[in-house]
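Please read them with the structure open.

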Amino acid sequence: MKTTNTHRPALHTLALTSAALALMAGGAQAEEVRVFNWSDYIAEELLEKFEAETGYKLIYDVFDSNELLETKLLAGGSGYDVVVPSANFLQRQITAGVFQPLDQQQLPNAQYLWDEIEIRTATYDPDNAYSINYLWGTTGIGVNASKVREVLGEDAPLNSLALIFDPANMEKLQACGVYLLDAPAEMIPAALSYLGEDPDSQDTKVLQKAEPVLSAVRPYVRKYHNSEYISALANGDICVAFGWSGDVLQARDRADEAGNGVELEYHAPVEGAVMWFDQMAVPADAPNPKGAHAFLNFMMDPENIAAASNYVYYANGNKASQEYLLDDVRGDTAIYPDAATMQNLYTTRPFPPKVQRVVTRMWTKIKSGI
């Protein structure tokens, strides 16, 4: 999930398109809509299509962490009309009064939303009053299967958290390289799931049970990072990464395109995998709420959101979009899990401030190895 998810190389702010220039040439200054989204997280032609269809001038900026976005939002006056936080950050931002309720009258394309996803996102945004799902995915294990089997044998637990949390496995895997996410909100629940504990626990005594699990494998982790594992997997520099589903699949596709012989797989762990959501929302002080709703409605058009999924290889919360998805997106169970896997996915809530301080200290201690 993108709790601190860092997506791929940034798209730059979109320049004026011909539609916007035409409006200006006609003596009319196009109204602006300002969007702040994760980097490389949309098909670029959609930005131009939005301008052409609506007449708005789109200012599209990118960020690479929820923390950066949250800092801007909590400071106020961000200047953005639409932002895309991850759902567990969204929840506390709603509580802080950061967002305005959505006007459903301006969102006729909401009819296409997927009820199963709305039920899950309501955990963070009751009644889905403040947000709409953009894309969603899972957090799991990316493996270079042949390399891992060379090291651990044919019965290597490719789809189990034991691959990364059993020190005996990790000691052997360090030779071919393992990256883990630098994201305590991802890694701690995973460690709890491995232990058979509630991955959504907010009890500090339970959370601290994750520390010895994570500390025991720390010496064998080559790097904690939220994006570099994509290239490292694709190039064959590492054999295992614990990361976001779409990122691993992008690495798989890069390796295929390069023809370098690296064959990658993504597995949602059998012990359970976190399901994360990135949500489109309108800041309370958005300069152009009407334009913001126009952008949300545009992105809820089934063909448009399908284009986004086809570009980034993440699932979306729009049921009607599935007929427009590429076969290798719709048919890939790593992107759209089968029913059995869906039942094994869990969601996590944000930590309350006091618990977050404990988690931050614990994670710093784990990474430092002290």
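1. In this predicted model, Arg 92 lies over the face of Phe 89, at 4.4 Å from the ring centre. Both residues belong to the lining of the largest pocket, where Glu 67, Phe 89, Arg 92, Ala 185 and Gln 356 are the closest to the centre among 21 lining residues.

2. The volume of that largest pocket is about 270 Å³. By class, the lining of the largest pocket divides into 8 nonpolar, 8 polar and 5 charged residues.

3. The second largest pocket comes to about 190 Å³. It has 11 lining residues, and those nearest its centre are Gln 250, Asp 253, Tyr 311, Val 312 and Tyr 313. Helix H13 (245-258) and helix H15 (302-312) are the elements that give two or more residues to this lining. H13 supplies the largest share, 5 residues. The classes here are 4 nonpolar, 2 polar and 5 charged.

4. Which cysteines form a disulfide? They are Cys 176 and Cys 239, with sulfur atoms 2.0 Å apart, and the count for the structure is 1 disulfide. The link is right-handed, with 55° about the S-S bond. Cys 176 sits in the loop between helix H8 (167-173) and strand S5 (178-180), and Cys 239 in the loop between helix H12 (229-234) and strand S7 (240-244), so the bond ties together parts that are 63 residues apart in sequence. Cys 176 and Cys 239 are both buried.

5. The structure holds 15 aromatic pairs. One of them joins Phe 50 and Tyr 56: the ring centres are 6.1 Å apart and the planes are at 5°, so this pair counts as stacked. Phe 50 is buried, at 0% relative accessibility. Tyr 56 is buried as well, with a relative accessible area of 10%.

6. Phe 165 and Tyr 194 make a tilted aromatic pair, 5.5 Å centre to centre with 50° between the planes. This pair links distant parts of the chain, since Phe 165 is in helix H7 (residues 162-165) and Tyr 194 in helix H9, 29 residues apart. The cut-off for buried is under 20% relative accessible area.

7. A further aromatic group deserves a look in the viewer. Phe 36, Trp 38, Phe 63 and Tyr 80 form one aromatic cluster.

8. Asp 40 is not a glycine, yet its phi is positive, about 50°. This residue lies in the loop between strand S1 (32-38) and helix H2 (44-54). Asp 40 counts as buried because its relative accessible area is 10%.

9. The other angle belongs to Asn 128, a residue other than glycine with a positive phi near 50°. Asn 128 is placed in the loop between helix H5 (115-121) and strand S4 (131-144). With a relative accessible area of 11%, Asn 128 is buried.

Key:
Residues are numbered from 1 along each chain as its sequence is written. This is a predicted model: local features need pLDDT of at least 70, side-chain atom pairs count only at pLDDT 80 or more; totals for chains, interfaces and linings use all residues. Side-chain values use heavy atoms; hydrogens and water are left out. On a 1 Å grid over the protein atoms alone, a cavity is a set of points where a 1.4 Å probe fits but cannot get out, and a pocket is an open set with protein on both sides within 12 Å along at least five of seven lines; lining residues have an atom within 4 Å of a point. Grid points are joined across faces, edges and corners, and a volume is the space filled by probe spheres set on the points. Ala, Val, Leu, Ile, Met, Phe, Trp, Tyr, Cys and Pro count as nonpolar, Asp, Glu, Lys and Arg as charged, and the others, Gly among them, as polar. Helices (H or I, at least four residues) and strands (E, at least two) are DSSP runs, numbered from the N terminus. Buried means under 20% relative accessible area, exposed over 50%, partly exposed in between (1.4 Å probe, protein chains only). A disulfide is a pair of cysteine sulfur atoms within 2.5 Å. Rings of Phe, Tyr and Trp (its six-membered ring) pair if their centres lie within 6.5 Å; planes under 30 degrees apart count as stacked, over 60 as edge-to-face and the rest as tilted. A charge sits over a ring if NZ of Lys or CZ of Arg is within 6 Å of the ring centre and within 35 degrees of the ring normal.
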